[in-house]
Amino acid sequence: VLGAFIAVFFLCVAFLMSDKLVNEKELKRRYGIMVLGVFRRNDKKRAFGFVDKWLDKMEGVSGREMEDSRTFEVVAANALNYMEQDRAADVILVGTVETEKLEQVGAAALSVGGNLGKDASAIKKAAACDAVILVEQRGGSLFGGIEQELDLVRSLGKKVIGCIVL
């Protein structure tokens with residue numbers, strides 16, 4: 001029993017010390033970024049996956065996820081509304097995710113910038129645009145990378161319109 005307790009304790013400490021983005025509410029809470037849209041999770045069959053579902057149900061996020069096509073529509077509408085409010089004509093998508101995922105999310109009014117921490121052309125695009133929208137991956141994006149991107153965007157004097165979570 002003591003061994004099981006110690007194992008659970010270390011798993012909890014590892015989870016708390018993790019630098020990965022787990023849920024979109026963390027972006028709002030830590031950085032004050034508006035979440036423009038959240039795509040469905042691709043739940044993998046994992047041991048103790050029922051614990052994640054139970055925690056989601058307790059948090060009230062279970063069953064609220066939309067189909068990807070509807071999520072694209074909501075993201076586009078939110079982005080266009082905030083672009084009009086901020087009078088931003090040229091908005092790019094940046095994030096710590098792969099460029100292919102950024103291109104999947106991109107709409108007609110949005111161009112893809114890339115990863116500001118790893119791509120010099122993305123920094124040049126960000127310097128030339130009016131505002132940016134972050135695209136981050138749940139369980140993949142690290143808070144260190146997100147903070148680095150936000151610092152770079154702020155140093156360029158650009159506005160962060162919001163964030164899209166994959």
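## Contacts, cores and surface of a predicted chain

Guide: In this predicted model, lysine 158 is in contact with Ala126, Ala127, Cys129, Asp130 and Val153, leaving aside its neighbours within four places in sequence.

Visitor: Where is lysine 158 found, between which elements?

Guide: Lysine 158 is found in the loop that lies between helix 7 and strand 5.

Visitor: And how far apart are lysine 158 and alanine 127, in sequence and in space?

Guide: The two are 31 residues apart in sequence, while their C-alpha atoms are 7.7 Å apart in space.

Visitor: Does lysine 158 count as buried, partly exposed or exposed, and why?

Guide: Lysine 158 counts as partly exposed, because its relative accessibility is 21% and the buried class takes in only values under 20%.

Visitor: Let's step back to the whole chain; how many helices and strands are there, and in what order do they run?

Guide: The secondary structure comes to 7 helices and 5 strands, and from the N terminus on the elements run α-α-β-α-α-β-α-β-α-β-α-β.

Visitor: What share of the contacts with a separation of 6 or more comes from residues 24 or more positions apart?

Guide: Residues 24 or more positions apart account for 75% of those contacts.

Visitor: What about burial, then; what percentage of the residues count as buried?

Guide: Of the 166 residues of the chain, 33% count as buried.

Visitor: Which residues have the most contacts inside the largest nonpolar core?

Guide: That core has 19 residues, and those with the most contacts inside it are Leu27, Tyr31, Ile33, Val132, Leu134, Leu150 and Val160. Two or more residues each are given to this core by helix 2 (25-31), strand 2 (91-94), helix 6 (120-128), strand 4 (131-136), helix 7 (143-155) and strand 5 (159-165). The largest share, 4 residues, comes from helix 7.

Visitor: What does valine 132 touch?

Guide: Not counting residues up to four places away in sequence, valine 132 touches Val91, Ile92, Val94, Val153, Lys159, Val160, Ile161 and Gly162. There is also a second, separate core, which has 14 residues and includes Leu36, Phe39, Ala79 and Met83.

Visitor: Changing topic, how many disulfides are there?

Guide: The count comes to 0 disulfides. As for individual cysteines, cysteine 12 counts as partly exposed because its relative accessibility is 42%, whereas cysteine 163, at 0%, counts as buried.

Visitor: On the surface, which residues form a nonpolar patch?

Guide: The patch is formed by Leu2, Phe5, Ile6, Phe9, Phe10, Val13, Phe15, Leu16, Met17 and Val22, which together have about 1,100 Å² of accessible area. One of them, phenylalanine 15, has its place in helix 1 (residues 2-17), and with a relative accessibility of 53% phenylalanine 15 counts as exposed.

Key:
Residues numbered from 1 in each chain as written. Predicted model: local features only at pLDDT ≥ 70, side-chain atom pairs only at ≥ 80, totals over all residues. Heavy atoms only, no water. Core = buried A, V, L, I, M, F, W, Y, C linked by side-chain atoms within 4.5 Å. Buried < 20%, exposed > 50% of the residue type's maximum accessible area, 1.4 Å probe, protein only. Contact = heavy atoms within 4.5 Å. Disulfide = S-S within 2.5 Å. Patch = residues over 30% accessible without salt bridge, like charges linked within 9 Å, V, L, I, M, F, W, Y side chains within 5 Å. Areas by Shrake-Rupley, 256 points an atom, 1.4 Å probe, with all protein chains shown as cover. Salt bridge = Lys/Arg side-chain N within 4 Å of Asp/Glu carboxyl O.
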